[in-house]
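Work through the following exercises with the model open beside you, and compare each step with the solution given.

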Amino acid sequence: MGPIPIPIPRRRSSRSLLFFFFLCSSFHFFSGFSDDSTASKDAATNNGAHAHTTSSIILIVLIVLVLFSLLSFLLFKLWRKKKREEQYARLLKLFEEDDELELELGLRD
């Protein structure tokens, strides 16, 4: 006996792969239209409660983010005001020292 021929699989064309993909996805799509009234009522109440909970959580998160942003903005403004006052105080001190220096050097009476 000679060697056993091994079948070489042919490459599937892209058209057949696309057809297979659309066929599988269409089965999933149409399975959603099955009419099971008890399951659909339970699912509707669960989905309604779940949607309400989800929207509440999203609303709370948005409110927290807005409050955090406002607090950060106010703290930044206060920090800038404090820095500005410190710089102004340093500037005044610098000019006071110059006046004293001029008096010491006798440049000014």
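UniProt positions are given in the numbering used here, with shortened feature names, and annotations may be inferred rather than shown by experiment. This is a predicted model, in which local features need pLDDT of at least 70, side-chain atom pairs count only at pLDDT 80 or more, and totals for chains, interfaces and linings use all residues. Residues are numbered from 1 along each chain as its sequence is written, and side-chain values use heavy atoms, without hydrogens and water.

**Exercise 1.** Describe the segment that carries the annotation "transmembrane region".

*Solution.* Begin with the record: the unreviewed UniProt entry places this annotation on residues 56-76. Next, assign secondary structure, where helices (H or I, at least four residues) and strands (E, at least two) are DSSP runs numbered from the N terminus. Residues 56-76 are then 100% helix and 0% strand, with 30 Å between the end C-alpha atoms.

**Exercise 2.** Is Arg80 buried, partly exposed or exposed?

*Solution.* First locate Arg80, which lies in helix α2. Then apply the classes: buried is under 20% relative accessible area, exposed is over 50%, and partly exposed is in between (1.4 Å probe, protein chains only). Arg80 is partly exposed because its relative accessible area is 36%.
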